[in-house]
Amino acid sequence: MDCSLVRTLVHRYCAGEENWVDSRTIYVGHREPPPGAEAYIPQRYPDNRIVSSKYTFWNFIPKNLFEQFRRIANFYFLIIFLVQLIIDTPTSPVTSGLPLFFVITVTAIKQGYEDWLRHKADNAMNQCPVHFIQHGKLVRKQSRKLRVGDIVMVKEDETFPCDLIFLSSNRGDGTCHVTTASLDGESSHKTHYAVQDTKGFHTEEDIDGLHATIECEQPQPDLYKFVGRINVYSDLNDPVVRPLGSENLLLRGATLKNTEKIFGVAIYTGMETKMALNYQSKSQKRSAVEKSMNVFLIVYLCILISKALINTVLKYVWQSEPFRDEPWYNQKTESERQRNLFLKAFTDFLAFMVLFNYIIPVSMYVTVEMQKFLGSYFITWDEDMFDEETGEGPLVNTSDLNEELGQVEYIFTDKTGTLTENNMEFKECCIEGHVYVPHVICNGQVLPDASGIDMIDSSPSVSGREREELFFRALCLCHTVQVKDDDNPDGPRKSPDGGKSCVYISSSPDEVALVEGVQRLGFTYLRLKDNYMEILNRDNGVERFELLEILSFDSVRRRMSVIVKSAEGDIYLFCKGADSSIFPRVIEGKVDQIRARVERNAVEGLRTLCVAYKRLIPEEYEGICQLLQAAKVALQDREKKLAEAYEQIEKDLILLGATAVEDRLQEKAADTIEALQKAGIKVWVLTGDKMETAAATCYACKLFRRNTQLLELTTKRIEEQSLHDVLFELSKTVLRHSGSLTRDTFSGLSADMQDYGLIIDGAALSLIMKPREDGSSGNYRELFLEICRSCSAVLCCRMAPLQKAQIVKLIKFSKEHPITLAIGDGANDVSMILEAHVGIGVIGKEGRQAARNSDYAIPKFKHLKKMLLVHGHFYYIRISELVQYFFYKNVCFIFPQFLYQFFCGFSQQTLYDTAYLTLYNISFTSLPILLYSLMEQHVSIDVLKRDPALYRDIAKNALLRWRVFIYWTLLGLFDALVFFFGAYFMFENTTVTSNGQIMTTNTHMIFGNWTFGTLVFTVMVFTVTLKLALDTHYWTWINHFVIWGSLLFYVVFSLLWGGVIWPFLNYQRMYYVFIQMLSSGPAWLAIVLLVTVSLLPDVLKKVLCRQLWPTATERVQQNGCAQPWDQDSEFTPLASLQSPGYQSTCPSAAWSGSRPQQVTLAVWKGKVSAEPPPAPGCSHRCCSSSPRHGCPGSLVGMLV
């Protein structure tokens, strides 16, 4: 038997029908088709149970442990722990096992709790009651028991329990209204249509008698795409075949509105619904800091292996001397003498690995996760980023990329709805060369005492009058606007004649603006009823047009059409779209006059559309119907066939005129772009609009300036010259100037040099991305990138959504590997948002697809300034210090242990007690750095907003470069040498007392290896904590409490640990050691001196670098207060509660050291303010400022 046939049969009968075919067949109501109609093939589908949880009760422990031990640090510590259990190691397994257990347990509890919440939500959803039809009666059962093929009844304001094909509703026209806010955030009502042959079934008995089968595609996640067909059987006749599209599909999670009830048949259930398929997680993005952290971890792992290897070799060199291998007090057994030398050496190597393993900071990962998770709340708490108009605040969809906000080099932004408001205002229309300006429309509101039309030029002729009315009818009919008769939250809009209130609803703001605009010009769209569109003409007469076909808009065609039939029987095709898609299809009309007006409006930044029509004779319409029907019922390549059909239908048009709609620039968009450019960030605009409109917007938002020389790389220019010639000509132009001048590679704001801006369109980009014509493997990408780097701004117009992603990917993977950010508000921006390192969605009027798929979401474009220049800056400063500090303090911790082996015969004796080894990273040094990484502000928020150039100080991962990493490592090595040898020289001369104890001759302190190790550990804990205190610029009572509290906790713990005989310990080696050490005065002096000497190099380095080579940030810190009272801060209320011993960093604030600070706290309207008393004779801003309210982003300010 043929193997392929066997494979097919196995897939068919074992894997389920849906896995081996491209489509599925659903039997409505589980009724088999009539005999002889088609074969009945039962298929297996999942039930309607939604499972969003990751774990079950039985697999939680093994699955969670498996996921956690996939992390290299956790797996490494597990291996070390197992080694400690298997072989005789110098440290207890507890020292590795307890920190690992703590990390694993905390993470497991967090993930378990989150999954329990998901289980709870799933159960609530799966147990919801659902009404379905069984044997002609309405039956109620739980949602999870629904099956594919069940006929479901849904009532008003209920959500759809699964994906349904809409069969009928209580409305006579077979429509229903739906909101999809839970799916894509769009709150507007969308109209869906029942199947033509089933919309008359209004009762349970009618529906139960339906014989039909549905063929449709297998489940896929696209919310806006569906392909299928329904076969309706009646008597013995051939079945009636009807196409099914997204307008017939009701999605799970959507809500039924303004419709009493509907009937639908389940086609996708449970985890196969489109909503569930969209829950799949996006690809994980990793920040530059995380990548640096992993590289540093590998370096320290190499250092660890080197240390263990060196000590193993030196141990056997040491033991090669007689009597060193077997001292009299530790003679070997016979079995130990006969052990294999290689095995002994390997065991010793593992023992040294265990001894030095604390150089790898396992707790760093937990601290970083906590810092990112808690730190992300500062964005959501920031009232400066809350938009009162929309009632929306910023959203954080992932906290893994917080620090990446401080590393952005390229911003790719959409235009419509992102830079502009997407609030359309109808400005004018041009018909047959005559311009009409309805001066009374403003944002859809009808102004009082305003009626009529402003004519720019002479009135049209009689034939022109007919064309004029035809144009207005086209605007009234060629759209997908819905009319809602009752009030909605947006408020009613009244018709100009003062009649009934009506609200126009559409997914496109352009369409609403056009319908409202033409309303002011005398033609009012009334409604769509029973497939008839009604309009009110100038004479207050109602005209009815039968809606025959809608040729929907798509971003590729960039146009839409309707075919309508007038009361007189005339059939018209009305088409509107972008000028580039209408003009090539026009054979008649005043093209030149209208083109000139369109270009003029585009230069002024207006959005233009052209309108055309043609009459259809009945025979021609019949041909169109057959063409469209064949394309609509196709299951394979339906979209392609429809596009080909539309191309044939929309041709030989007669041009009527054009419209102009204004989309206003968003508030502070220009200021934001200017600040971002000063911060060294390049801004690119990627839009689907025409070049002239987009360029006008770029000038308005200061992306292009008056002295900017625009370079065009467009299809028009490439037609005149070859692509090769155009690219090389542009390259010569920009590189000539960049070679002769030292160009600022980040922004073109310098006034003494030529500033370039590049404009490229989608067609030209496609040519650039293709291989060269000569067949060589190379292409023009590198040359194009070189030109772009030399331009201060780039505008990409006429871009398809995938081309936007291509541009982002091109820059993202260029040789510099810059950090990219994409920001947009619509579904067409999702691809570039997912492609960029950081994706930001604007919560706008085009739905929430962008916000749902983004890493962060903001209400307005202006909020991007604070998000990057303030929050991003702080996040990066904080986490980079956290990473470097963790490696530094672990070098300080382990290097003395390494040095100690040279003084104990490489016997693997530990320097520190087990409790100190265990608690060093967990308790003694963990909280100060966590609080630092959440609260540090090296300069104030106002300074960062006022001086965007400070952002450049941290560009290109400046604080985690190799030079900085090596400095921190060398500093840790120096401090470790000071700790070890400083304590060693104290114990250099010893004597034996009468009772057998060893005492130092110079300090008269009881000497022992645990005393020595405790002294080294004490100096180390104080040094690393005070090092962090020196790095802290922003002091609050929380910092004081945590830093000094950590030191106090160490002292109290050591006193208790060594002051009590603990019954659960099998040793008491630390008993009285710490107390005895502190009873010696010289020991106190030694601790102070060693801590001072350890900190001195870092202090000297800071002073010298600030004086000789200060950065821009350090100059700001020197010239003004790092913490002025009159500047907003994330923690202003907390800062105001400082202790009396606080020393201001302001050089003029002499009063702070001479007398206690008096702080006045005022609570007013939910804000907290702090006001210090002015110092006599002090004129500095921080001393003489007026009281200011706490920053809206402050922690306490949000809670008051």
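M1020 touches C892, F893, Y912, Y920 and F979, leaving out residues up to four places away in sequence (contact means heavy atoms within 4.5 Å). This is a predicted model, where local features need pLDDT of at least 70 and side-chain atom pairs count only at pLDDT 80 or more, while totals for chains, interfaces and linings use all residues. Residues are numbered from 1 along each chain as its sequence is written, and side-chain values use heavy atoms, with hydrogens and water left out.

**Nonpolar cores**

- M1020 also turns up in the largest nonpolar core, which has 95 residues; M364, F893, Y912, F1017 and M1020 touch the most other members there.
- Helix α28 (residues 863–900) gives this core its largest share, 17 residues.
- Another core lies apart from it, with 40 residues, among them I673, V683, L795 and Y875.
- For the cut-offs: a nonpolar core is a set of buried Ala, Val, Leu, Ile, Met, Phe, Trp, Tyr and Cys residues joined through side-chain atoms within 4.5 Å. Buried means under 20% relative accessible area, exposed over 50%, and partly exposed in between (1.4 Å probe, protein chains only).

**The whole chain**

- The protein chain has 41 helices and 44 strands; helices (H or I, at least four residues) and strands (E, at least two) are DSSP runs, numbered from the N terminus.
- Of the 1200 residues in the protein chain, 54% are buried.
- Take the contacts between residues at least 6 apart in sequence: 72% of them join residues at least 24 apart.

**Salt bridges**

- Side chains of opposite charge can pair when their charged atoms come close. The rule here asks for a side-chain nitrogen of Lys or Arg within 4 Å of a carboxyl oxygen of Asp or Glu, and by it the count comes to 43 salt bridges.
- K576 pairs with E511, with the closest N and O atoms 3.6 Å apart.
- R789 and E816 form a salt bridge at 2.8 Å, N to O. This one links distant parts of the chain, 27 residues apart: R789 is in helix α24 (residues 781–789), while E816 is in the loop between α25 (801–812) and β36 (820–824). R789 is buried, at 16% relative accessible area, whereas E816 counts as partly exposed, at 37%.
- D1098 and K1027 also meet in a salt bridge, again given as 2.8 Å from N to O. Since D1098 is in helix α36 (residues 1081–1108) and K1027 in helix α33 (residues 1009–1031), the pair ties together parts that are 71 residues apart in sequence. D1098 is buried at 2% relative accessibility, and K1027 is buried at 2% too.
- There is a network as well: salt bridges link D382, D384, K866 and K945.

**Helix α34**

- Helix α34 (residues 1037–1059) has 23 residues and should span 33 Å at 1.5 Å a residue; its end C-alpha atoms are 31 Å apart, which agrees. The expected span is 1.5 Å times one less than the number of residues.
- A kink of about 25 degrees is centred on G1045 in α34 (the bend at a residue is the angle between axes fitted to the seven residues ending there and the seven starting there).
- Buried residues in α34 include I1038, V1042, I1043, L1047, Y1050, F1053 and W1057.

**Backbone and a strand residue**

- D652 has a positive phi of about 55 degrees although it is not a glycine. D652 is in the loop between α18 (638–649) and β31 (653–665), and it is partly exposed at 42% relative accessibility.
- K956, another residue other than glycine, has a positive phi near 55 degrees. K956 is in the loop between α31 (941–946) and α32 (962–986) and is partly exposed, with a relative accessible area of 41%.
- T659 is in strand β31 and is buried at 3% relative accessibility. Leaving aside neighbours within four places in sequence, T659 has contacts including F426, E428, C429, F471, L475 and L514.
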